[in-house]
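Thanks for making time this morning.

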Amino acid sequence: MKRREFLKVMGGAGVALPGLWSASSCAQAIIKADPGTGLSLGYVSGDVGSDSALVWLRAEADSRVTLRYGNEPGLAQFQTSVRTVDAGADHSAIFSLEGLAPSTRYYYRALVEGRTPGPIASFVTAPRADDNHKVSFCFSGDTRQGYKPFTVMHAVRAQRPDFFLHLGDTIYADRNGAARSLEEFWNKYRINRDDAAAQSCFRETSVYVMWDDHEVEDDYMPGHPLASIGRKAFLDYWPVRRPATEPEQIYRAARWGRAVELIILDPRQYRAPDRSSMLGRTQKEWLFDRLVNSSATFKFVATTVPMAGGGKDRWDGYPKERAEILRYIRERKIPGVVFLSADLHYAAVTRIPKSNGLLDITAGPLAAPLNRVTNSANRRYQFFLAENFNFAKITVDPKVNGNEALLEFIDQDNRVFHTRTLRA
Ligand SMILES: [Fe+2]
């Protein structure tokens, strides 16, 4: 497809829904804390492991917040963690909960000093690597403020997945008034987080989140003057566990029982097109290491941009490195590798060319213009639909058949519109 046509569809103002946000909506979203609880914008739990989790929240300036957490729904017994919200992170705080039990639903609530307690929320911890627990998760991408309310998040919540994976374009910093300052980037996150459906989903479902280009600017490249501001705002608003020695590293992996290794790539901040590298050498070697050493039946590789299609900004622009990754998997006969992507604003199952039949599952958009450029004509698509806001759900139950995963595509009315079985 021609790049110019594609951008017109993906980014043009002509497809915005009427009566919601317009170009003039770059004005400040003044989000006042609830006068009762002192909290604002709900909670987000994320990067949950078998013994740890992060919880993000935002509260009144300078407030000291106690987080109570435990495995009883009423929190009759609890542990606590205390933080003061950080004005340098737009009055947010991220709590790190450690020493948790695996495969357990945890409940938590925040108490701002001197206020009434906040609502009780929950998340479920991952099974241990040798545990054959059933695992299910949903994933998608692309939440654009002009398409609020994010009704599709009600459907995600209703599926009761173990976690939700947001594969980028969590904001559109360059649409509806382009963000230029840190304050303006924060404002984009406030607007999107100020959404009842998203908040109610996050109250019961933990997340893993990766950024894509629109957290900075359409198709941005490393060295972009807004890249570091965009990254800071992203990390201020999403719970992302990072190595203490590498605070800017967003790529990471998570293990969910015997069934699932989730490898979340950062295909943005290490790009070097002159060397045909999207991942950069360190991340690529990390990916190879995770792939070859994981004992999980399925290795789901989340790459926000699809492995085939969409032009030079996606893997099509980095054919050498893509071929190297596919060759690595083939030569070492690594079983159960499935790629997950979003970004192109359609739902598809794509047979990746020259990959020995590996699949890329593309979901989305959650809430953004539908792709009117691509169609199902290309033979690489085993399934293609660009007609709805959607997400994909993947379920692996080792107790029934550990070598199979159920893939379902689900729309904003919670209707399953495509199903197939993936085999490891
Ligand atoms: Fe997008």
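Predicted model: local features only at pLDDT ≥ 70, side-chain atom pairs only at ≥ 80, totals over all residues.

**The iron site and its surroundings**

Let me begin with Asp142, which counts as buried because its relative accessibility is 0%, where buried means under 20% relative accessible area, exposed over 50% and partly exposed in between, with a 1.4 Å probe and protein chains only. Residues are numbered from 1 along each chain as its sequence is written, and side-chain values use heavy atoms, with hydrogens and water left out.

Asp142 matters to this talk as a ligand: the iron ion is coordinated by Asp142 through OD, Asp169 through OD, Tyr172 through OH and His345 through NE2, at 2.0 to 2.4 Å. Donors here are N, O and S atoms within 2.8 Å of the metal (3.2 Å for Na, K and Ca), and since water is not among the atoms, sites may look incomplete. Along the chain, the donors of the iron ion follow the spacing D-x26-D-x2-Y-x172-H. Asp142 sits in the loop between strand 8 (135-140) and helix 2 (152-158), whereas His345 sits in the loop between strand 14 (337-341) and strand 15 (347-351), so the pair ties together parts that are 203 residues apart in sequence. Helices (H or I, at least four residues) and strands (E, at least two) are DSSP runs, numbered from the N terminus. His345 is buried as well, with a relative accessible area of 2%.

What is the geometry of the site of the iron ion? It is irregular, with angles of 81 to 160° among the four donor atoms. By the criteria used, four donors count as tetrahedral if all angles lie between 85 and 135 degrees, four count as square planar and six as octahedral if opposite donors are over 155 degrees apart and all others between 65 and 115, and anything else is irregular.

Staying with the loop between strand 8 and helix 2, we also find Pro149 there, and a cis peptide bond with omega about 0° joins Lys148 and Pro149. Thr151 is placed in that loop too, and it counts as partly exposed because its relative accessibility is 35%. Leaving aside neighbours within four places in sequence, Thr151 is in contact (heavy atoms within 4.5 Å) with Ala197 and Gln412. Thr151 and Val338, by contrast, are 187 residues apart in sequence and 28 Å apart in space, C-alpha to C-alpha.

On a 1 Å grid over the protein atoms alone, a cavity is a set of points where a 1.4 Å probe fits but cannot get out, and lining residues have an atom within 4 Å of a point; grid points are joined across faces, edges and corners, and a volume is the space filled by probe spheres set on the points. Among the residues lining the largest cavity are Thr143, Phe150, Met153, His166 and Trp238. Helix 3 (182-193) and helix 4 (196-204) each supply at least two lining residues, and helix 3 gives the most, with three. The lining divides into seven nonpolar, four polar and one charged residue.

Two further backbone features deserve a look. Most residues other than glycine have a negative phi, and most peptide bonds are trans. Ser103, however, has a positive phi near 45°; it is found in the loop between strand 5 (92-97) and strand 6 (105-112) and is partly exposed, with a relative accessible area of 25%. Ser276 has a positive phi near 50°, lies in the loop between strand 12 (260-264) and helix 6, and is buried, with a relative accessible area of 13%.

Finally, in helix 6 (residues 281-293) we have Lys284, which counts as buried at 13% relative accessibility. Not counting residues up to four places away in sequence, Lys284 touches Leu279, Glu321 and Glu324.

Terms used: 1 Å grid on protein atoms, 1.4 Å probe; cavity = no way out; pocket = protein on both sides within 12 Å on 5 of 7 lines; lining within 4 Å. Nonpolar A, V, L, I, M, F, W, Y, C, P; charged D, E, K, R; others polar.
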